[in-house]
Amino acid sequence: MFTGFVVHLRARGLKVTVTEWLTLMRALAEGHARADLAAFYHLARALLVKSETQFDLYDQAFAEYFRDVEARFDVTDELLSWLENPEMPRLLSDEELAALEALDFDELRSTFEQRLREQDERHDGGSRWIGTGGTSPFGHGGTNPGGIRVGGRGGGRSAVQVASERRFRNLRSDRVLDTRSIGSALRRLRRLGKDEGPEELDLDATIDQSARGGGEIELVFGPPRKNRVKLLLLMDVGGSMDPHTQLCERLFSAAHAASHFKSFESRFFHNCPYEHLFTDMEHRRGEPTADVLKRLDSTWSVIFVGDAWMSPYELTHIGGAIDLFHHNRVPGIDWLRRFRDACPRSVWLNPEPQRIWTAPSVAMVRRVFPMFELTLDGLRDAVDTICGRRAAEPLRGGAASTTARGWTH
Amino acid sequence: MSFHRFSGTSDYLASAALRDAVNVAIALEKPLLIKGEPGTGKTRLAEAIAQDLELELLTWHVKSSSQAQHGLYVYDTVQRLNDARFGDRDISDIGHYIKYGPMGRAFQAAERVVLLIDEIDKADMEFPNDLLHELDRMSFLVDETGKTVTAHHRPIVVVTSNNEKELPDAFLRRCVFHFIDFPDEAMMTEIVQVHHPQLEDELLRQVLIAFYWLRDQPEVRKRPSTSELIDWIAALRRAGVSPDSMREQLPFLGVLLKREQDLDAVETRVRHRRVH
């Protein structure tokens with residue numbers, strides 16, 4: 001049952017390691033879940049799920065797994081039978097298997113048996129803490145020794161009911177994106193350079209060395225530890241992007257507030273960048289794109305933000321720009337390729353969910369840049385791609401394909 | 001080893017899940033990582049644990065410039081240099097110039113202590129990883145003197161984070177994690193009653209309606225927290241505001257809302273708000 005649960009959690013996308021699972025088994029043997037599925041729900045969450053953004057996944061997985069068995073599920077019995085016959089989760093890595101071998105089942109068993117004995121000895125209520133009774137000082141929805149009612153809720157709500165409420169839905173990392181979480185994701189965007197620039201005076205080491213040398217001043221130099229990332233943010237504004245204005249504003253202000261980049265610039269475009277990039281959202285003041293490109297080199301990264309939703313002509317044709325008064329001499333897609341060639345570490349963020357990236361223009365853009373959803377998960381993946389922590393290739397193939405899902409993985 | 005059992009204190013109400021998380025962390029000897037909205041009592045939890053279990057609390061306020069080393073010890077080379085040149089102190093014993101940080105002191109304490117590592121996310125991203133070894137082994141080496149400091153008693157380690165940065169996986173794997181959910185109305189009633197035991201029921205009811213209504217307004221970017229609610233009630237009581245008048249207007253909103261834009265938006269809303 002327990003091993004099945006952890007396999008189920010993994011299948012639902014929670015990264016539970018075997019070390020964490022073993023910690024859970026130890027906690028169970030020590031009696032921390034009592035015999036109570038509601039306590040087990042919280043215990044397993046505290047030990048297996050390390051971010052509130054994943055609570056919702058956990059809730060769903062928990063409700064799914066225990067829905068049909070809740071009434072007859074007994075943590076004590078399950079644990080006893082597991083300790084009799086310790087079945088291991090499959091899908092283990094070598095490292096995990098090694099960790100398992102280090103586990104002493106006999107010790108776990110004796111710990112647990114001791115707890116059970118203690119429970120029997122003190123079965124007069126009050127202080128026992130394995131058992132289903134509601135009088136334990138640690139019972140859910142009960143009373144604590146200080147006599148203070150907690151939460152005002154009686155018992156009665158089952159663990160599956162609690163999980164099914166999905167109270168943490170709003171904290172999911174593939175949904176919420178506020179300025180703070182964007183800022184947090186952007187902070188991962190850094191490359192520390194040891195090979196660049198002149199050496200700097202290392203004050204601490206200088207003082208340290210001088211003191212060791214009995215006061216003879218000895219200057220110590222070291223490589224600079226500064227972020228090398230130079231970032232250009234190019235945002236699509238207007239038209240089909242209007243519903244996403246608020247989200248884009250948040251990204252914009254978070255990127256602006258992030259002070260850790262070596263250089264940061266931002267420009268706007270409409271649907272596709274052509275000869276001009278704009279410095280204001282109304283597309284009035286601008287700068288020739290060629291000038292912007294001249295300043296860029298491979299130490300820069302470009303983050304495009306847009307739905308890439310346009311007529312294919314806007315990408316492929318001379319004079320295809322959506323703005324009637326603008327006649328572009330170079331097709332939009334060529335401008336995109338120029339950016340890609342100047343800054344290979346560039347990505348495209350799309351505020352639309354991936355399931356509706358169906359327009360041919362989206363596929364065309366994806367053949368130039370790796371594309372990610374503008375969600376917290378997508379932003380993280382994009383940042384990791386820029387930093388080279390993750391490999392993501394643009395789409396391959398000639399025809400506009402909308403079926404190549406999963407390429408970001 | 002006897003079990004320390006945390007059960008909350010008279011002025012710190014802990015939900016059953018939080019109490020369980022604390023006790024599991026203590027029993028399994030793992031750091032307890034606490035997250036939650038600002039004002040939900042993350043830092044106060046460590047104080048409550050210390051108070052409830054009658055242990056000393058050592059706090060390490062992490063700053064953006066903090067390094068893991070600072071929590072263990074600092075070798076005061078400047079003082080030694082100064083003494084070498086001008087002082088008359090004996091500089092041959094480097095031990096005199098080793099100043100222990102909160103973690104170093106927690107390891108050397110004669111009794112078990114609670115060690116609070118507050119706002120760990122403020123420091124560099126690698127900071128938590130730099131502490132892994134010390135947290136696992138409960139010992140560290142003082143390079144300068146060659147002395148190894150080993151914990152006499154494993155401290156109860158409470159770590160808080162405000163989500164400014166993501167914490168490394170290796171660190172997270174070792175922690176027990178609890179997210180302090182924003183209190184619902186029932187829990188909030190209990191909390192308020194701890195701070196304002198004399199509060200009239202009807203006023204409390206009206207205050208909570210207004211408070212949760214405010215938190216639900218999409219324009220409000222910085223949502224008011226528990227501690228601000230407590231302050232607001234104090235202001236309302238001092239001014240003798242009656243429950244009835246709360247239906248029509250919300251006085252002292254500045255206590256709850258700290259951003260001018262939030263205040264403007266809500267005041268416009270209040271004017272249009274229907275009487276409950």
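Reader: How many helices and strands does chain A have?

Author: Chain A has 16 helices and 9 strands. This is a predicted model, and of the 409 residues of chain A, 37% count as buried.

Reader: Why is Glu119(B) called buried?

Author: A residue is buried if 20 or more other C-beta atoms lie within 10 Å of its own. Glu119(B) has 20 such atoms within 10 Å, so Glu119(B) counts as buried. This residue is found in the loop between strand E5 (113-118) and helix H6 (127-137) of chain B.

Reader: Why is Phe252(B) called partly exposed?

Author: The label lies between exposed, at 12 or fewer C-beta atoms, and buried, at 20 or more. Phe252(B) has 15 C-beta neighbours inside 10 Å, and therefore counts as partly exposed. Phe252(B) lies in the loop between helix H11 (243-246) and helix H12 (253-256) of chain B.

Reader: What makes the phi of Glu119(B) worth a remark?

Author: Most residues other than glycine have a negative phi. For Glu119(B), which is not glycine, phi is positive, near 60 degrees. Phe252(B) is not a glycine either, and has a positive phi of about 55 degrees.

Reader: Why are strand E2 (56-61) and strand E9 (176-180) of chain B said to stand at the edges?

Author: The open sheet has 5 strands in the order E2-E5-E8-E1-E9 (chain B), with parallel pairing. E2 and E9 of chain B each have a single partner strand, so one side of each is left without a neighbour in the sheet. On average, neighbouring strands of this sheet are turned by 20 degrees against each other, direction ignored.

Reader: How do you know that strand E1 of chain B pairs with E9(B)?

Author: Two strands pair if at least two bridges are found between them. Strand E1 (residues 32-36) of chain B is joined to E9(B) by 5 bridges, so the two count as paired; they run parallel. Lys35(B) stands opposite Phe179(B) in E9(B).

Reader: What lies across E1, strand E8 (156-160) and E9 of chain B?

Author: Helix H1 (residues 16-28) of chain B does, running at about 160 degrees to E9(B).

Reader: How many residues of chain A are in contact with chain B?

Author: 40 residues of chain A are in contact with 35 residues of chain B. Helix H2 (18-29), helix H3 (37-48), helix H9 (179-187) and helix H10 (203-212) of chain A each supply at least two residues of the side of chain A that touches chain B. The residues of that side divide into 14 nonpolar, 15 polar and 11 charged.

Technical notes
Residues numbered from 1 in each chain as written. Chains lettered and ligands numbered in written order. Predicted model: local features only at pLDDT ≥ 70, side-chain atom pairs only at ≥ 80, totals over all residues. Contact = placed C-beta atoms within 7 Å. Helix = DSSP H or I, 4+ residues; strand = E, 2+ residues; numbered from the N terminus. Nonpolar A, V, L, I, M, F, W, Y, C, P; charged D, E, K, R; others polar. Axes fitted to C-alpha atoms, helices over the stretch in contact; angles between N-to-C directions.
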